[in-house]
Amino acid sequence: MQPVIMVIDDDNTITELLATVIEKYGFTPITASNGRAALDILDQIPPPVLIITDYSMPLLNGRELILALSLKPGYEQIPVVMITGSSAQDLQLPNTSNFEGVILKPFDLATIAGIIMKYTGGDKSYHLA
């Protein structure tokens, strides 16, 4: 199995789009519709190399998920990028070592490609806005 990138979003269109991009870069996408489901799945698979999560989701939002991951042994250093349709100033962002930043929706595929490359050993020059 290729290295895993996990995508968590309650919008199936976004998870499918991101999964397609992830596959094109040679990674295995694993998706979940909320943070609680993501934690359950993560208990059953090898740790991913990158996690991309939505902010607003039912059951366990992106911030809560990132905080939970920062306490999970072996996951505290896995980079997590948040995507959101909200203004970054309106969010309560986590202050954890694994949180890398925010991508605002709508995003373009070049942004996602840059994130994948940056956090999986490709181009290190890409920076989140």
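Let's start in strand β3, which is where Asp54 sits (helices, H or I with at least four residues, and strands, E with at least two, are DSSP runs numbered from the N terminus). Asp54 is buried, with a relative accessible area of 4% (buried is under 20% relative accessible area, exposed over 50%, partly exposed in between, with a 1.4 Å probe and protein chains only). Its side chain makes a polar contact with the side chain of Lys105 at 3.3 Å. A polar contact here is a pair of N or O atoms within 3.5 Å; within protein, one must be able to donate a hydrogen and the other to accept it, and residues adjacent in sequence count only if both atoms are side-chain atoms.

Setting aside neighbours within four places in sequence, Asp54 is in contact with Ile8, Asp9, Asp10, Gly62, Met82, Ile83, Thr84 and Lys105 (contact means heavy atoms within 4.5 Å).

## What kind of model this is

This is a predicted model, where local features need pLDDT of at least 70 and side-chain atom pairs count only at pLDDT 80 or more, while totals for chains, interfaces and linings use all residues. Residues are numbered from 1 along each chain as its sequence is written, and side-chain values use heavy atoms, with hydrogens and water left out.

## The chain as a whole

The chain has four helices and five strands, and along the sequence they run β-α-β-α-β-α-β-β-α. Of its 129 residues, 49% are buried. If you take contacts between residues at least 6 apart in sequence, 61% of them join residues at least 24 apart.

The accessible surface comes to about 6,400 Å², and carbon and sulfur atoms account for 52% of that (areas are from the Shrake-Rupley method with a 1.4 Å probe, and for residues only the protein chains shown count as cover).

The largest nonpolar core has 21 residues, and Met6, Ile8, Ile51, Leu65 and Leu69 touch the most other members. Two or more residues come from each of β1, β2, α2, α3, β4 (80–84) and β5. A second, separate core has 17 residues, including Val7, Ile22, Leu50 and Ile83. For the record, a nonpolar core is a set of buried Ala, Val, Leu, Ile, Met, Phe, Trp, Tyr and Cys residues joined through side-chain atoms within 4.5 Å.

## Helix α2

Which residues of helix α2 (residues 35–42) are buried? They are Gly35, Ala38, Leu39 and Leu42. These cover an arc of only 100 degrees around the axis, so they lie on the same side of α2 (the arc is that of the directions from the helix axis to the C-beta atoms). Their cover includes β1 (4–8), β2 (28–32), β3 and α3.

At the start of α2, a side-chain oxygen of Asn34 comes to within 3.0 Å of the backbone nitrogen of Arg36.

Ser70 belongs to helix α3 (residues 62–71), and its side chain reaches back to the backbone oxygen of Leu67 at 2.7 Å. Beyond its neighbours within four places in sequence, Ser70 is in contact with Glu76, Thr96 and Asn98.

In the loop between β3 (50–54) and α3 you'll find Leu59, which has a positive phi of about 70 degrees although it is not a glycine. Leu59 is exposed, with a relative accessible area of 66%. Another backbone feature is the cis peptide bond from Lys105 to Pro106, with omega near -5 degrees; Pro106 is in the loop between β5 (99–104) and α4 (109–119).
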